[in-house]
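Below is a brief report on one protein chain. It covers annotated spans, nonpolar packing, salt bridges and one surface patch.

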Amino acid sequence: MKRLFAIGYGVASYLVFLVAFLYAIGFVGGFLVPRTVDSGMTAGTVEAVIVNMMLLSVFALQHSVMARPGFKRWWTRFVPQPIERSTYVLFASLVLFLLYWQWRTMPAVVWDVESTAGRVVLWALFWLGWATVLSSTFMINHFDLFGLRQVFLAWRGEPYREPGFRTVLLYRLIRHPIMLGFIVAFWAAPTMTAGHLLFAAVSTAYILVAIQLEERDLVGAMGRQYRDYRERVPMLVPWPHRDQTEPTPKIRRRPA
């Protein structure tokens, strides 16, 4: 029964995440979903800024605190290890739904690209950003990242083993393609409102902080191995960084 519960819980958490992820595309892009970054609840400017900042802060705190090794060691005293990652994914998804539901609209237009070519380019970048996010999860281990591998191993009665990961494709060019994809998707807006700008700016600031926290944990877990990778491969911008012809070390990682 425990094994069946674990895999059922893991699958359910993954499905909730999938809905939250797909909703995020419509929320940022402003289409298909009932509430978007530009069609949320109406409010005055001061209220909108305060509430939206609080919503983004709640997501940032949940996302970062629950990803830290120290919290995980404490958390798994109460939550079984096989469903720890699924619980993290579930909580992150629920916080996103709270943000979608309570987001306050700030409709003032910051910029509006009028040329057809410009709008096409920005929409192409928008979709490229989301495609980069999703595809990059499969370049590492998508099912481990979102907790499915853990519950599947528990269902089979097998011990969990950290997945080995060799940096391939985008991970040979930059260390954080998932984060880069988010940044591109958030900023590629043909029409940028004040609310969208607040969302993009605060999210980008959080991403830059989260990367530092994640890399600190990765260095702590892998030491010289990850430091060598960090020296060889740039963080977000894919320019040549030292000797790119050197073999990239095999590392294990799980982005926060």
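The UniProt record, an unreviewed entry, places the feature "transmembrane region" at residues 12–33, 45–65, 86–103 and 123–148. The coordinates come from a predicted model. Two of these spans can be described from that model. Residues 45–65 are 100% helix and 0% strand, with end C-alpha atoms 30 Å apart. Residues 12–33 are 82% helix and 0% strand. Their end C-alpha atoms lie 21 Å apart.

**Nonpolar cores**

The largest nonpolar core holds 54 residues. Which of its members touch the most others? They are Phe27, Val28, Leu99, Trp103, Trp130, Phe186 and Phe199. At least two core residues come from each of these helices: H1 (2–29), H2 (45–65), H4 (84–102), H5 (116–139), H7 (148–155), H8 (177–187), H9 (194–222) and H10 (224–232). Helix H1 gives the most, with 10 residues.

Leaving out residues up to four places away, Leu99 touches Phe27, Leu55, Leu56 and Phe199. There is also a second, separate core of five residues. Among its members are Ala60, Val95, Tyr206 and Ala210.

**Ala6 in helix H1**

Ala6 lies in helix H1. Is Ala6 buried or exposed? Its relative accessibility is 7%, so Ala6 counts as buried, the cut-off being under 20%. Beyond its neighbours within four places in sequence, Ala6 is in contact with Ile83 and Val151. Ala6 and Trp155 are 149 residues apart in sequence, yet their C-alpha atoms are 7.1 Å apart in space.

**Salt bridges**

The structure holds eight salt bridges.

| Arg149 | Asp144 | 3.0 Å |

Arg175 and Glu215 are both buried. Arg149 and Asp144 are both buried as well.

Arg224 is exposed, with a relative accessible area of 57%. Asp228 is partly exposed, at 22%. Elsewhere, salt bridges that share partners join Arg68, Arg216 and Asp217 into one network.

**A nonpolar surface patch**

Which residues make the nonpolar surface patch? Val11, Leu15, Leu18 and Leu22 do, and the patch covers about 330 Å². Leu15 is found in helix H1. Leu15 has 47% relative accessibility, so it counts as partly exposed.

Note on methods: Residues are numbered from 1 along each chain as its sequence is written. This is a predicted model: local features need pLDDT of at least 70, side-chain atom pairs count only at pLDDT 80 or more; totals for chains, interfaces and linings use all residues. Side-chain values use heavy atoms; hydrogens and water are left out. UniProt positions are given in the numbering used here, feature names are shortened, and annotations may be inferred rather than shown by experiment. Helices (H or I, at least four residues) and strands (E, at least two) are DSSP runs, numbered from the N terminus. A nonpolar core is a set of buried Ala, Val, Leu, Ile, Met, Phe, Trp, Tyr and Cys residues joined through side-chain atoms within 4.5 Å. Buried means under 20% relative accessible area, exposed over 50%, partly exposed in between (1.4 Å probe, protein chains only). Contact means heavy atoms within 4.5 Å. A salt bridge is a side-chain nitrogen of Lys or Arg within 4 Å of a carboxyl oxygen of Asp or Glu. Patches are made of residues with over 30% relative accessible area and no salt bridge: like charges are joined within 9 Å, nonpolar side chains (Val, Leu, Ile, Met, Phe, Trp, Tyr) within 5 Å. Accessible areas come from the Shrake-Rupley method with a 1.4 Å probe; for residues, only the protein chains shown count as cover.
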